[in-house]
Amino acid sequence: MANKQKKVLMLGGLRYLIPVIQAAHELGYYVITCDYLPHNIAHKYADEYHNISITDKNAVLKLARELKVDGVMSFAVDPGVLTAAYVCEELGLPGSPHASIQILQNKDLFRSFLEKNGFNTPKSHGYHCLNEALSDIKSFQWPVIVKPVDSAGSKGVTRVDKIINLEEAITCALKNSLSHRFIIEEFIEQQGCSSDSDAFSINGELKFISFSDQHFDNKAANPYTPSAYSWPSSMPCNKQEELASEIQRLLQLLHMNTSIYNIETRIGTDNKAYIMEVSPRGGGNRLSEMLRYATNTDLIKNAVRAAVGETISKIEPCIYNGYWSEVILHADQTGIFKEISIKQNIKENHIIEIDLWVQPGDLIHSFNGANDAIGTLVVKFNNEQQQYDMMSYINSWVKIITE
C-alpha cells in the first residue's frame, strides 16, 4: 500500500507563503491554506483553500481535525503563530509548547521572561490605556518606544521623545493590537546595525543562526520599518557568539523543539547584547529566501518538513558565499506607481532578482510598515566595502517613480 500523501495546513495567504507552498509541493505534500481573504495571492498556489480567520483558533482547530492534517504552520504570518501552536498541541501534531509560544509572541510576557531569567533587556511594562501608562511613566528614561504587544512588521511602533507625544503613540499602538494592549520600553541606542534574520533548531538545539545588518530609510513615513538587509552582518564576532549562546539558553528554558525562528537582536551603546524578539516562524521580507541565496541552506524546506514531523537532515552552520543584500522597494509618498528606476551599471552587475508586486497605474502608499512594500531587490556585491558604500546610499541608485 502506498504511503498517504501528507497534508499541511498553512495559515494566511500573503505572497511570502508562495515559496513555502512550492517547497511543500516539491516534497510531495498536499497544501491547504486558510484565512478570511479569498483573493490573497498565495491561495492560487495551494491545493485547497478555506475561508476561515486565522485568529479564530477553534475554527482552525475544527478545520484541521476534519481535514486530518499532518501539520500546521504560520510561516511569516504573525497573527497565525499562536493559533498554529494551539491547534498542534490539541491534535498532538509536531510543534513547540503552546505556553512557550505565548511568551515569545507577546512582547509584554517576553520582556518579563527575559528579565526574570537574567537576559539583557530594556526596562518595559505593558498597559491597556493611557492613564495606566501615565501612572508610572516617570520611572522610565527617555526616549521610549511604544509598541502593540502582539503585532509584527513595525506596525504601530513609535519612538517617543517627549511626554506630549505619548497619547498619539499609544493610540497608534492600540489600533494595531488584536488584544488592545501595548508596551512601553526604554529605547536601546544601538551600536552599529541591528539584526533581523532567521535561525533553526532541531529538538531545541540551535543548528543554524544568522545575523544581518538592518537598514532604515530616515525619510520614510515610519523610519523604524526596515528598508533593507545585508549579509554577513558587521556585528563583532564575539557579540554574535554571545547572542547565539543566549538564544540557545532561551530555547532550552522554553523547551522549544524543531522550529524555524525570526530573531531580532542589537548591541547597545552600553556594549550589551540584546535579544529584542524571537518569533517561532519564518521572517517576512523573504529573509529565508535571502539566506538560501547567501548560504545555500534551505530553511524553508526544513520548516515544512518539521511541520509534518519529518526527520530533518543535518543542517550546516551558517557560512556565507559572498556579500548579499535585499532592498525593500517602497514609495516616499502615496501616489500612482509609474516605474522603478535602477542605475544601469548596478542593474547589469549586481541585481540578481527584481521582484515587483505592483503594475504601472496602481496606487501605492507611503512606507508606514512592511505591508506598504511594493517589491524586493536581491543584490550581490563583490566585497564588503562595496556593499557598505552602496547600501549606505540606496536612494542614489534605485528610485520609485510615482505620478
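# Strand pairs, salt bridges and a cavity

Visitor: What makes E9 and strand E10 (residues 205-209) a pair?

Guide: E9 and E10 are joined by 4 bridges and run antiparallel. Strands pair if DSSP finds at least two bridges between them, so 4 meets the rule. Ala 199 stands opposite Ile 209 in E10. The hairpin of E9 and E10 has 2 residues between the strands, and Asn 203 takes a positive phi near 50° there.

Visitor: What are these numbers taken from?

Guide: This is a predicted model, with residues numbered from 1 along each chain as its sequence is written. Local features need pLDDT of at least 70 and side-chain atom pairs pLDDT 80 or more, while totals for chains, interfaces and linings use all residues; side-chain values use heavy atoms, without hydrogens and water. Helices (H or I, at least four residues) and strands (E, at least two) are DSSP runs, numbered from the N terminus.

Visitor: Why is strand E9 (residues 195-202) called largely enclosed?

Guide: 8 of its 8 residues are buried, so E9 is largely enclosed by the rest of the structure. Buried means under 20% relative accessible area, exposed over 50%, and partly exposed in between (1.4 Å probe, protein chains only). Both faces are covered: Ser 195, Ser 197, Ala 199 and Ser 201 are buried on one side, and Asp 196, Asp 198, Phe 200 and Ile 202 on the other. E9 is also joined to E13 by 7 bridges, antiparallel, with Asp 198 opposite Asn 262.

Visitor: Why is the contact of Glu 185 with Arg 111 called a salt bridge?

Guide: The term needs a side-chain nitrogen of Lys or Arg within 4 Å of a carboxyl oxygen of Asp or Glu. For Glu 185 and Arg 111 the closest N and O atoms are 2.8 Å apart, so the pair qualifies. Glu 185 is in strand E8 (residues 182-186) and Arg 111 in helix H5 (residues 107-116), 74 residues apart. Both Glu 185 and Arg 111 are buried. Glu 185 also meets Lys 147, at 3.0 Å from N to O. Lys 147 lies in strand E6 (residues 144-148), so this pair ties together parts 38 residues apart in sequence. By this rule there are 18 salt bridges.

Visitor: Why does Asp 355 count as partly exposed?

Guide: Its relative accessibility is 23%, so Asp 355 counts as partly exposed. Arg 286, at 7%, counts as buried. Asp 355 and Arg 286 form a salt bridge, with closest N and O atoms 3.6 Å apart. Salt bridges that share partners join Arg 286, Glu 289, Glu 353 and Asp 355 into one network.

Visitor: What makes a space a cavity?

Guide: On a 1 Å grid over the protein atoms alone, a cavity is a set of points where a 1.4 Å probe fits but cannot get out; lining residues have an atom within 4 Å of a point. The largest cavity is lined by 21 residues, with Val 72, Met 73, Gly 95, Ser 259 and Pro 280 nearest its centre. Two or more lining residues come from each of E4, helix H3 (81-91), strand E13 (259-267) and H10. H3 gives the largest share, 4 residues.

Visitor: Why are strands E3 (48-51) and E4 (71-73) placed at the edges?

Guide: The order of the open, parallel sheet is E3-E2-E1-E4. E3 and E4 each have a single partner strand, so one side of each is left without a neighbour in the sheet.

Key. On a 1 Å grid over the protein atoms alone, a cavity is a set of points where a 1.4 Å probe fits but cannot get out, and a pocket is an open set with protein on both sides within 12 Å along at least five of seven lines; lining residues have an atom within 4 Å of a point.
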